[in-house]
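Please open the model in your viewer and colour it by chain, so that each stop on this tour can be followed by selecting what is named.

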There are 2 protein chains.
Amino acid sequence: MAQRVTVLDVAKAAGVHPSTVSRALKPETRSLLTDKVSARILEVASALGYRPNGIAASLRTRRSQTVGVVIPDITNPVFPPILSGLEEVLDAEGYIAMVANAGGDAERQRLVVDRLLARQVDGLVMATVARRDPVVDFCIAAGTPLVMVNRAEAARRVSSVVSDDALGMGLAIDHLAALGHRRIGLIAGPQHLSTGLGRRQGFTAAMERNGLAEDPAAVVFAAAFARDAGREAAGRLLDAAPDITAVMAANDLLALGVYDVAAERGLRCPEDLSVIGHNDMPMVDMVSPALTTVHIRHREMGMQAGRLLLSLMRSTSQGGVDVVLQPTLIVRASTATARA
Amino acid sequence: MAQRVTVLDVAKAAGVHPSTVSRALKPETRSLLTDKVSARILEVASALGYRPNGIAASLRTRRSQTVGVVIPDITNPVFPPILSGLEEVLDAEGYIAMVANAGGDAERQRLVVDRLLARQVDGLVMATVARRDPVVDFCIAAGTPLVMVNRAEAARRVSSVVSDDALGMGLAIDHLAALGHRRIGLIAGPQHLSTGLGRRQGFTAAMERNGLAEDPAAVVFAAAFARDAGREAAGRLLDAAPDITAVMAANDLLALGVYDVAAERGLRCPEDLSVIGHNDMPMVDMVSPALTTVHIRHREMGMQAGRLLLSLMRSTSQGGVDVVLQPTLIVRASTATARA
DNA sequence: CTGAAAGCGCTTACAG
DNA sequence: CTGAAAGCGCTTACAG
């Protein structure tokens, strides 16, 4: 109802030309006008309850002031803080986020991106990316400014913000080694995701650096970064390598799966088995035992992604930038001296 | 780059008028055309990589196929499942969600809504609403289809989807009463929110129904639905009413605050003190002891809100509908027989 | 069944 | 410093 007032109405009421109204309304061009004129226009506009139609402006300027964000599962607790940081940065510059919960399926993701592009988003943030990802090809072909967050693709063609997975695993393994653990199992994540691969490689490197032998039987792959997948993998791991004294999980949900299996089998944590996670997602300080884990600043990740995208959208930067955040180790109650 | 192709280009390439292209592209109007013509147009369009400009279409049709979602804090675990359900429903009908993390401040919320309206959203979902909320007045004045989710306003002017707070509290108190608890404390939430007020009223009604005396000293108000506020309130509660054998918390985060204080004071849960939460947010099954709580189907809540908004946007319904979801009680390890 | 015209509401070179 | 004109890319009555 209210949205019937247009620049033309304001112009008429103020006795000026529509173009003058337009100029009065944006702070950048307001200085072109006499103070008296712009003051009158502003007054009339607010009296009439005028609200500029952003769609019309977008069509004319070819900039929608809108950014598309593609997320695999908003329900995964790592994403909300990323989104929150991203929005804070974007919002300050007048951008609004179109958030799409796209799931893990590439076909569906492509459809979602297509819809976002049809909506003329000025930029795209993808949190869904696999190491080789056809959806990325699709985005690149569209020529829209693009940033990946949390995960990167193998062929580093696009700017990204990720955590230093090797560093994180290094901190964790150093901690276990210092506690006297020698036989450490790994529950690795999906290897088609950069986090899955990077953390597994980081594990191997850190074991080597600590002079520990990596037992092939003690490296097990989870089908997904999820608690039930962790449960399943933990079962396999403890069957194949019952002598391990510690389990490194590629993320916190997998670590919770380890908790489940340990409880089932009567293994006490940390007395019989130390467990480390990755992410430091909300609430893992409250589980029992409180989880030792690699802390990633997800909010900061989102903010950095926002800044990167902003500079891309303004052509301030050419892209090809990888921002790598340094994680830290949070020692809690799930790790202890290795059992004899 | 790709986005240079327009209806005009397609029309020229296909040897028809732009309006014919437009008709060929939408399934609804396609039947107006000869199969041969529309087939050729579709072919040419895809060959040229044509993607309709949604902004231009929106300007013309005055429908943006876009919905604004205002959330106080996406980082609060109740909201992601709501969002997920909402998007699923909206997405199926071709709508995209603009999600704004607006915080708790009314001034800022109004600004966010203003921006969403400027972007010409076809509808609005608010998860931020207080019992009396100036932002709602603002939205109503704008005349945009509006649905509230999770919380409702006092003066039921707008359609909403909420949980039956009285029922939830009833289930919880019945459970405690059955376990022999007579002196039950309440950590109530903020009373300016419908959930805070409704749960407190539900508590009182349920105590009465069970023939239990409500001790005024044993009802304490938390400043916010947050863990630290719960901690602070739990301290006050246990000081004022040290003889209580159970604490009912108005949500899970408050319940976790109770856990913190109980641990500090050497009270064992559930042996010395039973605790019940509200929401059944993710991970509360993993805390120690696993939290007994009132389960709300947040995803369903989002889906219902989506359907309500859809019918409002299509003028299929007049609004004024309140959808109330029935919660269930999930009994876990934080409640037990009352101590002697 | 298809075309020609108008217009959604804004902004921005171009004049003056 | 302000106005007049054109056009962003689409859709939809209106003709024929």
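Begin by selecting the residues of each chain that touch the other: in this predicted model, 55 residues of chain A are in contact with 55 residues of chain B. Between them, chain A and chain B bury about 4,400 Å², of which 56% lies on carbon and sulfur atoms.

Next, show both chains as traces and look for the relation between the copies. A rotation of 180 degrees, with 0.0 Å of shift along its axis, superposes chain A on chain B with an RMSD of 0.1 Å, and the two copies are therefore related as by a two-fold rotation axis. The same surface serves both copies, since 100% of the contact residues of chain A recur in chain B.

Now display the charged side chains at the interface of chain A and chain B, across which 8 salt bridges are found. To see one of these, centre the view on A:Arg115 and B:Asp91, which form a salt bridge whose closest N and O atoms are 3.6 Å apart. Widening the selection to polar contacts between chain A and chain B gives a count of 20 residue pairs, with both residues at pLDDT 80 or more.

Coloured by residue class, the side of chain A that touches chain B shows 29 nonpolar, 14 polar and 12 charged residues.

Technical notes: Residues numbered from 1 in each chain as written. Chains lettered and ligands numbered in written order. Predicted model: local features only at pLDDT ≥ 70, side-chain atom pairs only at ≥ 80, totals over all residues. Heavy atoms only, no water. Least-squares fit on C-alpha atoms with pLDDT ≥ 70 in both. Contact = heavy atoms within 4.5 Å. Buried area = accessible area lost by both parts, 1.4 Å probe. Salt bridge = Lys/Arg side-chain N within 4 Å of Asp/Glu carboxyl O. Polar contact = N/O pair within 3.5 Å; in protein donor to acceptor, adjacent residues only side chain to side chain. Nonpolar A, V, L, I, M, F, W, Y, C, P; charged D, E, K, R; others polar.
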